[in-house]
Amino acid sequence: MELRSSQWYGGEDRNGYIHRAWMRRGVPNDAFRGRPQIAIANTASDLTPCNAHLTGVAQFVKNGVLEAGGVPLELPVTSLGETNVRPTAMLWRNMAAMSIEEMLRANPVDGVVLLGGCDKTIPSLLMAAASVDIPAVVIPGGPMLNGTFRGERLGCGTGVWKLSEEVRAGALSQEDFTRSESAMIRSAGHCNTMGTASTMALVAEALGTIVPGIAGTPAADARLNEAAQLTGRLAVDLVREGRTPSSFLTKGSFHNAIVALAAIGGSTNAVVHLLAIAGRLGIELSVEDFDRIGARVPLLVDLQPAGRHLMEDLFRAGGLLAVLREVQDLLDPEALTITGRPLVEHLEGAEIWDPEVITPRSAPLQEDAGIALLRGNLAPDGAIIKPAAASPELLQHRGRALVFDSIEDFHARIDDPDLEVDASTVMILRGCGPKGYPGMPEVSNMPLPPKLLEKGVRDMVRICDGRMSGTAYGTVVLHVAPEAAAGGPLGLVRTGDWIVLDVPARRLDVELSAEELAARVPSEAMTSAFASPERGWERLYVDHVLQADTGADLDFLVGSSGSDVPRESH
């Protein structure tokens, strides 16, 4: 077969000379003659702490590529650190995907190994790979080791939400809260809870883009380096066999990803990421599919934030393959993986070694654990909720609305002791969708009012057009579409309106007639807080971003442009 890179290196004219000569720098001539050029798209960055160790992992990928006869080429790509980037890393997921896609297409590479870990890095890498459609395989960076504090497991992210509420309730000193920081983050790697980083690694494996058995390997575990080296070898084989993402990813692949998402109690953020990846592949996936496929899948993994344990425990207990073997009958038996074999063929021999962490199918933690899709006059295009992270008694609830017109409005009023709120109140935060913020931040799990925390209240119904951290918990309705900034009815709700949440019936409504809703005008306090950038990426994003129910990609990025070689540069 003719390698894509030969269109750069194969000529004997001046242009071929230029391409080879500047890349040679001691490399032998045969490096440009029939050897697959494998890019290592590396999201390592000192400002993305969860991915900082990936440069070390990349070295093992290089070893594997060389062993298989390929040429490894490390390609630093846009990296998004969830904990530091403002206003939200989600604002740049599409930009990262676009830039990675363009660099893969523009350079003489035949295949790519995708190195990611932190929340948005694996989604952006997969969106890019799907759009350029060259052979691609993922190596996830792996979770950090278990945190411990005061003799108990301390999960990163989840521990922050829990401990910060204890401080606000007066049950934990500021000194102890600060001391817990170093106890929480004690090794390289991404979040060790079932947050978005862990979720996307496991879901990407169920999707078929990671060699089965690798996702969830702790970052500090030497077996991750071994997996990286073997994956480097595989990348060369993928090029020789012409195995591109579009050649094996199907609707069945996404079916399996949704089953896995439910069984592990994964992050709601996976919904917008899987929708966006499917959109790049031209696969018809909808929010309805998440409810239809995942709603009746049992929750088998007892992991924070919905449970007790952490990712290191899941790996020790048998990992994703042990979980999937329990629900094998729910999987698509024909959906392939990057190995060329169906996912179900990799489940033979997978065992549960600790039933406290991975429960058997016969004794699930929850019978129906998948993400639920809600519709109603508050969410005509849908909203989602994660029942596994919610309080069962709040899944059917009627209460009066307390409306916040922006995140600044929320912060200004939530600690007010005179705030008119009780445990039955439904807190609504709007202006936090893709267009409104911009970027759909993780603010939906609003902290509770201190006056209620002091009374022992730890959960309330909360509704938002933004997202929620995968490490968070609570009865939170999120991804409301259309968002308030796109004219959604959430922008018309007023404090005191009666809100009805009925998860079993899949409904979310405000008790107002269609005529009364239509007669209302959005508040100036809300509209003045909407994002209105004048230039740069934010302007491009606000003008072209789609809504959450389709994956919040940019309208002109949906689909694929392929790997055709651009015009000559000289």
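These legends describe close-up views of one predicted model. Local features need pLDDT of at least 70, side-chain atom pairs count only at pLDDT 80 or more, and totals for chains, interfaces and linings use all residues. Residues are numbered from 1 along each chain as its sequence is written, and side-chain values use heavy atoms, without hydrogens or water.

**View 1. Helix α2 and its buried residues.** Helix α2 covers residues 14-24. Helices are DSSP runs of H or I with at least four residues, strands are runs of E with at least two, and both are numbered from the N terminus. N15, G16, I18, H19 and R20 are buried (under 20% relative accessible area; exposed is over 50%, partly exposed in between; 1.4 Å probe, protein chains only). The buried residues of α2 pack against α1 (6-9). Just after α2, R25 has a positive phi of about 40°.

**View 2. The aromatic pair Y9 and F32.** Rings of Phe, Tyr and Trp (its six-membered ring) pair if their centres lie within 6.5 Å; planes under 30 degrees apart are stacked, over 60 edge-to-face, and the rest tilted. The count by this rule is 3 aromatic pairs. For Y9 and F32, the centres are 4.9 Å apart and the planes stand at 65°, so this pair is edge-to-face. Y9 and F32 are both buried.

**View 3. The aromatic pair W537 and Y541.** This pair is tilted, with 6.3 Å centre to centre and 50° between the planes. W537 and Y541 are 4 residues apart in helix α20 (residues 536-544), so about one helical turn separates them. W537 is buried at 13% relative accessibility, and Y541 is buried at 0%.

Terms used
Contact means heavy atoms within 4.5 Å.
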